[in-house]
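Have the viewer open as you read.

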Number of protein chains: 2
Amino acid sequence: MTTATHSAQAQYDLFRQRGLKLDMSRGKPAPEQLDLSNDLLDALPGFSAADGTDARNYGLGVGLPEARALFGGLLGLPAAQVVVDSSASLSLMHDVIVYALLNGVPGGQPWVGQQPVFLCPVPGYDRHFSICEARGIKMINVPLNDDGPDMDIVEQLVATDASIKGMWCVPKYSNPSGTVYSDEVVRRLAAMKTAAPDFRLMWDDAYRFHHLTDENVRIAEIIAECASAGNPDRAIVFASTSKVSWAGSGIAALASSPANIAWWTRHAGIRSIGPDKINQLRHVRLLKDVATVEALMTRHAALLKPKFDAVLAQFSAQLGDVAGVSWTVPKGGYFIDLVTPPGAAKKTIALAKEAGITLTPAGAAYPYGVDPEDSHIRIAPSFPSLLEITQAAEGIALALKVAVAG
Amino acid sequence: MTTATHSAQAQYDLFRQRGLKLDMSRGKPAPEQLDLSNDLLDALPGFSAADGTDARNYGLGVGLPEARALFGGLLGLPAAQVVVDSSASLSLMHDVIVYALLNGVPGGQPWVGQQPVFLCPVPGYDRHFSICEARGIKMINVPLNDDGPDMDIVEQLVATDASIKGMWCVPKYSNPSGTVYSDEVVRRLAAMKTAAPDFRLMWDDAYRFHHLTDENVRIAEIIAECASAGNPDRAIVFASTSKVSWAGSGIAALASSPANIAWWTRHAGIRSIGPDKINQLRHVRLLKDVATVEALMTRHAALLKPKFDAVLAQFSAQLGDVAGVSWTVPKGGYFIDLVTPPGAAKKTIALAKEAGITLTPAGAAYPYGVDPEDSHIRIAPSFPSLLEITQAAEGIALALKVAVAG
């Protein structure tokens with residue numbers, strides 16, 4: 001044992017004695033962020049929608065006109081290509097998969113008898129992978145490069161294997177790496193030849209407005225690119241206000257081609273007589289338009305940025321000279337991907353746990369929970385206070401140092 | 001042509017000239033009923049749940065403790081056997097079917113490969129049948145007698161055919177006939193032998209509190225009966241506030257055995273990180289407890305009863321002496337079933353349409369939209385005003401008289 005590793009162990013032991021108790025396992029907004037939307041608690045002045053619909057009653061499965069217009073503005077699409085439904089986009093993604101499995105998407109047969117496969121850029125979002133695993137869709141990992149999924153691999157796979165029915169994409173500030181897809185990658189995804197005629201891009205635009213810098217990254221718009229490339233029905237875009245207003249009580253949107261919107265509306269109409277339109281009215285009142293949403297997101301960023309900076313500062317200070325360790329510096333989103341030397345992620349997470357810090361389980365960012373190199377740790381700085389997150393980052397760094405020394 | 005039928009035609013023609021325009025196709029609450037819950041618009045005093053949960057954030061897929069307790073009280077069950085989720089029970093029913101199809105219920109394999117069949121007491125609720133039709137479950141009609149489904153037929157079918165995986169039941173004030181299941185029928189459903197080990201009763205307790213008389217009908221409790229009969233996992237009960245508070249913005253509950261609740265929670269947790277808990281808080285604040293809900297339902301009944309009475313009075317006056325015509329006199333619920341001589345329902349509905357009255361399509365109360373005798377018309381008196389509904393009932397009666405005369 002060298003002096004350096006002895007020191008790492010000693011520092012970790014001291015840290016552990018502080019008796020911290022911190023849950024950093026999920027990307028939950030902090031209470032201060034939720035406070036930004038407390039105007040949602042205000043009484044509505046009424047419940048008539050723009051078209052005269054009584055928002056308290058049944059109906060209007062596609063959502064209120066003003067809610068569709070709001071998301072249309074945010075997504076750069078005509079309101080007619082947007083439906084607003086549910087309180088969470090995850091549920092809309094799940095239901096797209098269900099309808100595709102049991103009924104098939106436009107131009108295809110039900111997936112359920114076809115041993116369907118999805119491509120999964122990794123590391124990625126665990127809840128995407130859980131949907132596939134739970135509902136019987138096989139997953140294939142594809143590497144996520146700095147500019148998005150490795151398109152040479154993706155193009156080759158989808159061109160030859162008709163059982164590949166879809167692909168998960170978080171195109172901007174990807175969970176957990178913060179990756180931003182380049183315009184070229186977006187265009188290749190839109191234009192690539194797929195052996196399956198009913199291939200779908202599940203385009204989770206979860207962090208579209210969730211910037212951490214003034215750069216306010218913009219990328220090519222997938223629906224327009226798919227239309228230009230002659231594949232108008234390929235992409236289904238998902239967005240929500242979960243990390244704009246309230247995480248459990250927001251509104252969500254699905255956007256796609258007219259054919260996909262008609263398909264969705266038909267199938268969602270079997271499940272429900274209409275969404276919670278009162279909550280849509282509340283959100284339209286709070287969020288108004290693109291400028292209002294952007295101003296709100298700037299306030300979120302002001303709360304989040306110091307927490308990200310604190311984590312990055314601790315990592316730089318503690319891990320800057322540790323061989324094989326790196327981390328992402330995201331321009332938006334909710335996560336930092338801490339990359340350890342192969343085989344050190346699980347051990348680091350276990351050591352952090354002993355020191356009172358709960359992290360997302362190792363492997364969570366991979367299909368079936370298996371990180372083949374055991375080298376990725378998802379850091380979620382949003383929920384803890386600035387003091388807590390600073391301490392936690394120190395603890396994680398110390399745990400990692402002990403893990404690589406051992 | 002007799003004088004009587006000539007007179008019917010003349011009366012109908014006169015009615016038609018009034019140029020009415022009335023949609024009676026669905027059982028929507030009237031605006032005055034929705035007004036009863038306008039306190040939901042009031043600002044909440046806060047967003048902390050009974051257990052300290054911040055209702056604005058992710059999590060708690062089973063619902064807030066106080067919302068589960070509220071429904072537990074309403075359903076006569078421990079809160080632990082109740083989950084509160086979504087804004088509509090129809091969505092919970094749909095998702096139970098989806099999880100059963102793709103994953104199987106406790107004690108069974110996925111239904112999707114087994115050519116599953118459901119028994120459907122008829123006439124019944126069209127949206128139940130739409131779920132089966134859309135998701136690939138075959139339906140078999142069983143007669144709905146005055147005391148519930150014909151149990152001799154049901155018992156014989158489920159005992160011999162293992163592909164029969166479930167049955168739709170609206171046990172009280174059934175849609176559209178207002179039928180109340182007798183305690184004996186409830187007990188036979190709970191105790192009957194089923195060839196399928198994974199048979200489920202989809203128990204849509206949609207009108208549990210929706211009385212139209214002071215009798216406030218109570219029936220045997222299916223979950224307790226199933227447990228007593230040694231079939232604890234057989235029944236899944238659904239309820240909601242859709243016709244208690246607001247039809248589009250209520251809260252819904254699913255209740256069942258601990259094993260089914262665990263199963264549901266696991267599968268719903270794949271679809272969502274948690275329900276809209278703020279709306280649950282709002283509802284707990286408005287609805288408080290069983291006594292408060294019962295008082296509210298008395299006010300609904302006071303608005304609905306005169307409308308039902310007006311329809312019944314018109315039918316008695318116009319149709320009392322028409323051979324082969326009858327109608328139900330419900331003690332609760334939202335519908336009257338107008339029974340015509342065989343072959344007259346479609347024609348009556350078409351004639352009513354010409355006179356400006358939109359009714360639920362003929363056959364809607366039957367699987368696949370096919371009423372084998374073409375003799376049932378669902379009357380939904382709730383939404384129109386008292387004047388409108390009185391006129392509409394007159395017009396429907398006149399249309400029926402012309403239909404049977406022609």
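The sections below go from the ground rules to the cores, the interface, the helices and a few backbone details.

## Ground rules

This is a predicted model, in which local features need pLDDT of at least 70 and side-chain atom pairs count only at pLDDT 80 or more, while totals for chains, interfaces and linings use all residues. Residues are numbered from 1 along each chain as its sequence is written, chains are lettered from A and ligands numbered from 1 in the order in which they are written, and side-chain values use heavy atoms, with hydrogens and water left out.

## The nonpolar cores

A nonpolar core here is a set of buried Ala, Val, Leu, Ile, Met, Phe, Trp, Tyr and Cys residues joined through side-chain atoms within 4.5 Å. Buried means under 20% relative accessible area, exposed means over 50%, and partly exposed is in between (1.4 Å probe, protein chains only). The largest core has 211 residues, and Leu189(A), Leu189(B) and Phe315(B) have the most contacts inside it. A second, separate core has 77 residues, including Leu101(A) and Ile131(B).

Take a look around Leu189(A). Leaving aside residues up to four places away in sequence, Leu189(A) touches Met151(A), Val154(A), Met167(A), Cys169(A), Tyr181(A), Leu201(A), Trp203(A) and Arg234(A), where contact means heavy atoms within 4.5 Å.

## Where the chains meet

Across the interface, 53 residues of chain B are in contact with 53 residues of chain A. About 4,500 Å² is buried between the two chains, and carbon and sulfur atoms give 54% of that area. Buried area is the accessible area (1.4 Å probe) that two parts lose on being put together, summed over both. In chain B, the residues that lose the most area to chain A are Arg56(B), Tyr58(B) and Arg271(B), together 18% of what that side buries.

## Two helix stories

Helices (H or I, at least four residues) and strands (E, at least two) are DSSP runs, numbered from the N terminus. In chain B, the axes of helix 6 (residues 151–160) and helix 7 (residues 183–191) come within 11 Å and cross at roughly 5°. These axes are lines fitted to C-alpha atoms, for helices over the stretch in contact, with angles from 0 to 180 degrees between N-to-C directions. Among the residues making the contact are Met151(B) of helix 6 and Leu189(B) of helix 7.

Now turn to helix 10 of chain A, where ten of the eleven residues are buried. Its cover includes helix 3, strand 2 (82–85) and helix 11 of chain A, together with helix 10 (277–287) of chain B.

## Backbone details worth a look

Most residues other than glycine have a negative phi, and most peptide bonds are trans. A cis bond joins Val122(A) and Pro123(A), with omega about 0°; Pro123(A) sits in the loop between strand 3 (117–122) and helix 5 (126–135) of chain A. Another cis bond joins Asn175(A) and Pro176(A), with omega about 5°.

Leu60(A), which is not a glycine, has a positive phi of about 60°, and counts as partly exposed at 29% relative accessibility. Lys288(A) also has a positive phi, near 55°, and is exposed at 52% relative accessibility.
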